[in-house]
Amino acid sequence: MKRMHRLWSFLVALGVVVPGAAHGQGIYLGFEMGQNFVPGMNTTGDSDDRASVCDEYINPLYTTVTQTAGYEDYNCTGSNRGLGDDWNNRFDSAGGFLSGFVLGYRTGKNDPDGMRVRLRPEFEYFYRASRYDQTADIPFATGASGDKIRQEIQVATDRIGTLAGHNLFGNLYLDFTNSTRFTPYAGLGMGIGSAKMEYTSLWARNADPTAISTGEGLPNVEQIRRNLAGTTSVAQKALSDTLFGYQVLFGVDYEITESLSIGVKGHWINFSSFHSERFEWIPLRSHVPNLRRDGSEPVSGTIMADDMKLFGFSLSLKYHF
């Protein structure tokens, strides 16, 4: 923060000392720093895992599962395409840091006699870091996971740390110039951004084999329950995606000198949904992240998040050439 304060002091001094053209048309550079606020976020996870009784590390007799009544529809040896579990979660609103730089061009000249509207195109880069720092119990899951959560899994959580991103937008403003030093404005923008989400997933089963319901009716049920009791699945990864977005901007600038202005600026941004790359649980049920001892049939998952909106409020500083 001390460096930021020094930068602000330097830019203000630069605007006071260095003469500039009349505060009308021309190129400008700007810097902004402030806070961002994000609403609650819904997440959906999915994996291509199979049922635990199809895991060779848990059930060495997985190839015979379909020979037992009640398990005829289990797919332990065929393609796992389309198989797996889905789960949903919800995270509360969050906030964090916002900073950026702009390069723009002011068209037209000031009208000392009254209000005038003029266009202002601008390129904007900004960085945001929204700190969720939340661990949420998984309240619902479909398929095999739904039964497991209700019966034998003691811990099933997702955690989101920080959601951060670098963003580049093109904006177009309407400046409402007037005879005062204040210039209110409003604008629209479109752009693209990288997003990185700190994500952790934890699934842990009861350590007591008698509390495990998986394998009921199978001939080696006791072996399955012993192998499954106390196992954990952990994923910890910085997930990434490229997001597209549009924004509404508004604010007001105050002319300090012919070269320098300060202001307050607001962003409202709506980003596209976040779809992560695939990630692995290491370990998966306390073993390597595949279903077969020969290393085949790896298991991975993805996370999708929606409600990817952002409101930002910042102080801005512009130097006009």
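Y246 is partly exposed, with a relative accessible area of 42%; partly exposed covers the range between buried (under 20% relative accessible area) and exposed (over 50%), taken with a 1.4 Å probe and protein chains only. This residue belongs to strand β9. Strands (E, at least two residues) and helices (H or I, at least four) are DSSP runs numbered from the N terminus.

The model is predicted, so local features need pLDDT of at least 70 and side-chain atom pairs count only at pLDDT 80 or more, while totals for chains, interfaces and linings use all residues. Residues are numbered from 1 along each chain as its sequence is written, and side-chain values use heavy atoms, with hydrogens and water left out.

**The chain as a whole**

The protein chain contains three helices and 13 strands. It has 321 residues, and 48% of them count as buried. Its accessible surface is about 15,500 Å², with 59% belonging to carbon and sulfur atoms; such areas come from the Shrake-Rupley method with a 1.4 Å probe, and for residues only the protein chains shown count as cover. Among contacts with a separation of 6 or more, 80% are between residues 24 or more positions apart. A contact means heavy atoms within 4.5 Å.

**The nonpolar patch**

Y246 is one of the residues of a nonpolar patch on the surface, together with F37, L188, M190, V248, F250, V264, W268, F311, F313 and L315. The patch has about 1,000 Å² of accessible area in total. Strands β8 (182-205), β9 (232-255), β10 (260-271) and β13 (309-320) each give two or more residues to it. Patch residues have over 30% relative accessible area and no salt bridge; nonpolar side chains (Val, Leu, Ile, Met, Phe, Trp, Tyr) are joined within 5 Å, and like charges within 9 Å. A salt bridge is a side-chain nitrogen of Lys or Arg within 4 Å of a carboxyl oxygen of Asp or Glu.

Strand β2 (residues 41-47) runs antiparallel to β3, and six bridges join the two. Strands pair if DSSP finds at least two bridges between them. T44 has N88 of β3 as its bridge partner.

C54 and C76 form the link, with their sulfur atoms 1.9 Å apart. Both cysteines sit in the loop between β2 and β3, 22 residues apart. The link is left-handed, with -55° about the S-S bond. C54 is buried at 1% relative accessible area, and C76 is buried at 3%.

**The loop between β11 and β12**

Most residues other than glycine have a negative phi, and most peptide bonds are trans. A cis peptide bond joins I282 and P283, with omega about 10°. P283 is in the loop between β11 (274-275) and β12 (301-305). S286 and E297 lie in this loop too. Neither is a glycine, and each has a positive phi.

| Residue | Phi | Relative accessible area |
|---|---|---|
| S286 | near 65° | 43%, partly exposed |
| E297 | about 55° | 22%, partly exposed |

Key: A disulfide is a pair of cysteine sulfur atoms within 2.5 Å.
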